[in-house]
Amino acid sequence: MPLVETEALVLRTYNLAEADKIVVCLSREAGLVRGVAKGCRKLKNRFGAALEPFTLINLTYYQKENQELVSVRQTEILRSNFNLLSDPITLSGLAHIGDLVVEFSPPYQANDNLFRMVKACLEATGLSPSDLQSILRYFEVWLLRLEGFLPDLSRCAGCHRLFGEKEAVFVGPGSTLRCQSCGNDEQDQRLSGQVHYQLRATLKLGPGPFAEGLRNASSRTHRDFANLTQRWIMRVLERQPRKRPSYSVGAFEGARNASA
Ligand SMILES: [Zn+2]
């Protein structure tokens with residue numbers, strides 16, 4: 001049983017038996033990892049505060065063949081985010097990130113881009129907690145993109161014409177973007193030039209500068225943006241059966257609850 005050592009973000013934990021916990025992490029080397037941390041609820045334990053949600057750790061574990069749950073051997077805190085956990089609004093925003101990563105990521109498939117993106121979003125939230133909502137939008141767009149669900153933002157899906165920088169567009173069936181002449185069905189959602197522009201800005205900027213650019217945006221822009229990403233995410237989650245772990249440890253609260 002080879003030991004694996006990897007940088008990882010703790011997403012959530014569940015109590016298991018009397019003294020143990022199940023830890024769900026997004027790791028750099030192995031993607032989504034679920035493991036058992038034996039004895040970590042005892043007063044004196046080798047994990048200390050490393051398994052608090054949203055802590056960046058150096059994780060060492062081993063995995064037996066054909067077992068989904070790995071055994072957590074060692075943890076070392078690289079960066080704690082305790083300061084963010086005391087604010088309930090920030091905490092629920094971060095839980096939303098954790099929920100969606102769990103929903104979208106297949107277990108044990110490394111995705112370096114996803115790891116770096118989530119890590120960058122946590123860093124940006126730490127630097128500027130008041131930008132949380134914009135950072136969540138950034139995270140959602142990138143999650144959709146990295147998992148292959150983001151439609152082309154630069155071209156009309158009907159006539160393939162390149163959109164202007166701040167052109168208002170329509171979101172048609174199948175989530176694709178269309179120009180005024182190709183879209184504009186009654187059921188299409190209209191995206192203002194401003195929302196379309198900000199949507200595309202996610203692909204050019206890091207989460208911090210992106211959020212900064214949204215600080216002066218209208219509440220309408222924020223609301224339309226949030227509605228759009230929520231609609232896209234719901235569409236994906238409705239199409240694919242939710243990936244449930246093979247053990248039973250109580251309810252898995254999903255993105256639906258977190259974003260309600
Ligand atoms: Zn068109």
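These are my notebook entries on what I looked up in this structure.

**Ground rules**

I am working with a predicted model, where local features need pLDDT of at least 70 and side-chain atom pairs count only at pLDDT 80 or more, while totals for chains, interfaces and linings use all residues. Residues are numbered from 1 along each chain as its sequence is written, and side-chain values use heavy atoms, with hydrogens and water left out.

**Entry 1: the barrel**

I started with the strands (E, DSSP runs of at least two residues, numbered from the N terminus; helices are H or I runs of at least four). I noted that strands of a sheet pair through backbone hydrogen bonds, either parallel or antiparallel. For two strands to count as paired here, DSSP has to find at least two bridges between them.

I found a closed barrel of five strands in the order E1-E2-E3-E5-E4, with mixed pairing. On average, neighbouring strands of this sheet are turned by 50° against each other, direction ignored. (Axes are lines fitted to C-alpha atoms, for helices over the stretch in contact, and angles run from 0 to 180 degrees between N-to-C directions.)

I then followed E2 (residues 20-27). Eight bridges join it to E1 (residues 3-16), antiparallel, and Leu9 has Leu26 in E2 as its bridge partner. E1 and E2 make a hairpin with three residues between them, and Ala17 in the turn has a positive phi of about 50°. On to E3 (residues 31-37): seven bridges join it to E2, again antiparallel, and Ser27 stands opposite Gly31. The E3 and E5 (residues 70-79) pair is parallel, over two bridges, with Val36 opposite Ser71.

Is E2 mostly buried or exposed? I checked: seven of its eight residues are buried, so the rest of the structure largely encloses it. (Buried means under 20% relative accessible area, exposed over 50%, partly exposed in between, with a 1.4 Å probe and protein chains only.)

H2 (residues 88-104) lies across E1, E2 and E3 at about 110° to E1, and H3 lies across E1, E2, E4 (56-62) and E5 at about 60° to E1.

**Entry 2: Ser128**

I found Ser128 in the loop between H3 (112-127) and H4. Ser128 is buried, at 17% relative accessible area. Its side chain makes a 2.9 Å polar contact with that of Asp131. (That is a pair of N or O atoms within 3.5 Å; within protein, one must be able to donate a hydrogen and the other to accept it, and residues adjacent in sequence count only if both atoms are side-chain atoms.) Leaving out residues up to four places away in sequence, Ser128 touches Ile135 and Arg215. (Contact means heavy atoms within 4.5 Å.)

**Entry 3: the zinc ion**

Which residues hold the zinc donors? They are Cys156, Cys159, Cys179 and Cys182, each through SG, at 2.3 to 2.4 Å. (Donors are N, O and S atoms within 2.8 Å of the metal, or 3.2 Å for Na, K and Ca; water is not among the atoms, so sites may look incomplete.) The donor spacing in sequence is C-x2-C-x19-C-x2-C. Cys159 sits in the loop between H4 (132-146) and E6 (169-171), and Cys182 in the loop between E7 (177-178) and E8 (189-191), so this pair ties together parts 23 residues apart in sequence. Cys159 is partly exposed at 39%, and Cys182 is partly exposed at 30%.

I saw E7-E6-E8 form an open antiparallel sheet. E7 and E8 are at the edges with a single partner each, so one side of each has no neighbour in the sheet. Helix H7 (residues 219-239) lies across E6, E7 and E8, at about 130° to E8.
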